[in-house]
Amino acid sequence: MSNRLPLGDSPSGGLVVALEDALRSSGGVWVGFSGQTEDDPSDDLQDHPGAAFQRLSFDLTPQDHEEYYLGYSNSILWPLCHGRPNLMRIKPEYLDGYARVNARIARMLVPHLRPGDRIWVQDYHLFPLAMELRALGVTAPIGHFLHIPFPGPADCGALPNPAELFDWLSHYDLVGFQTERDLGAFAESARQLADGDQISDQLFRLSGRRVRTQVFPIGIDTAAFMAEAAEAPDSDRMRSLTRAQMMIGVDRLDYSKGIPQRFRAYQLLLEKIPDLHEKISFLQIAPPTRGEVDAYQDIREETEHLAGRINGQFATLNWTPIRFIHRPFPRNELAGLYRQARIGLVTPLADGMNLVAKEYVAAQNAEDPGVLILSRFAGAAETMTEALIINPHDPHDLAVAMAQAMRMSRSERQDRHAALLEGVVTHDIAWWSRTYLAALGD
């Protein structure tokens, strides 16, 4: 179960690859929102043939999309989980819509369940789903995996219903997190806000029910991404009139990604080290997301303003310091761009994992690899310690790391990359799905 269902004849993406492998080996079905709104949607799940696994979708009413998706999910839970409770827009109807949609999904799902099924629920849109399924008599194992950070008690307490959040989670058999940091935040928030008891390292009592927890850091399809990067044609490369090295960032245009902060750090780098002019170019790819939400309109205006100011201050006839592209790129083209880039910037202010960090490492030429600069607030930083770990709020810290990456010797780059790649290969996307489903089946 996920909020969005991968549709089309050849659905792609890391989560699709992971679950396709799991579904091929065990049999199963993926259920999710079609992306379509209808005034009077059917209460029967719609089948979508054409994939290696069965796909069933549902539509939403415009009101449900506004209250469940844009409202409670992305105007309350998303900013809260990313440390920005000041951006929450709390309205009673948002919680009503969130509960209503989860109850409807549960009702649609029950007729499709079979004996022996395991139910794997993905992410923050569907926290109450297990509770709704239990109310309908479902006794199958139900697991939840949270792809984004879990809020600590100071942020979690800003919810209009913090105790209810833990009641929802109490109906799952297994709750999975990206990092030990998130599991610790869950434990402390449950204790302070919902009288939760921690029975052992991984076992909690919430609302009188026992819930297992575990950390499952998500990975990528490493082998496939390495192959795509190595085979990327020259057309999938950024050209410059100068001999500038490329620095790349690839993020949805979201306030949690730290894009304005990295632009300011780059400006500081160019101000402090004029010798790097025409020697480093910054490509920022930032596809749009949730454009209906005010906070996302604000971040686009700020980012475009900064890019224009920096180019106006430093550009020459042969060199544009920043190329800012506000649209998505195909995965195979990104692989080629990652491989070309001397520096990969992954500097979120808060992030559950951030798979761009792992994709950048997988894409590199091991003989002459680039350098990963990674925020300490990305979940990936918990294991990718050979990257240059920085504080994205400190422009001086980030600018120093950019300069260090530009001047780093090939031997040091090779050593750092080899250690990072070993982890990316070992804990890939197949390991993630296999390990989680094994734990859910215990």
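These legends describe close-up views of a predicted model. Local features need pLDDT of at least 70, side-chain atom pairs count only at pLDDT 80 or more, and totals for chains, interfaces and linings use all residues. Residues are numbered from 1 along each chain as its sequence is written, and side-chain values use heavy atoms, leaving out hydrogens and water.

**View 1. An open parallel sheet of 6 strands.** The order is β13-β12-β11-β14-β15-β16. Strands (E, at least two residues) and helices (H or I, at least four) are DSSP runs, numbered from the N terminus. Two strands pair if DSSP finds at least two bridges between them. β13 (322–325) and β16 (388–390) are the edge strands, each pairing on one side only. Neighbouring strands are turned by 20° against each other on average, direction ignored.

**View 2. The pairing of β15 with β16.** β15 (residues 371–375) runs parallel to β16 over 3 bridges. Leu-374 stands opposite Ile-389 in β16.

**View 3. Helix α9 on the sheet.** α9 (residues 259–272) touches β11 (245–250), β12 (280–285), β13 and β14 (343–346). Contact means heavy atoms within 4.5 Å. The direction of α9 makes about 170° with that of β12. Axes are lines fitted to C-alpha atoms, for helices over the stretch in contact; angles run from 0 to 180 degrees between N-to-C directions.

**View 4. Helices α2 and α3 packed together.** α2 (residues 62–81) meets α3 (residues 92–109) at about 115°, with axes 8 Å apart. The two are therefore roughly perpendicular (65 to 115 degrees). Contact residues include Tyr-68 and Tyr-72 of α2 and Tyr-94 and Arg-100 of α3.

Conventions
Angles under 35 degrees count as roughly parallel, over 145 as roughly antiparallel, 65 to 115 as roughly perpendicular and the rest as oblique.
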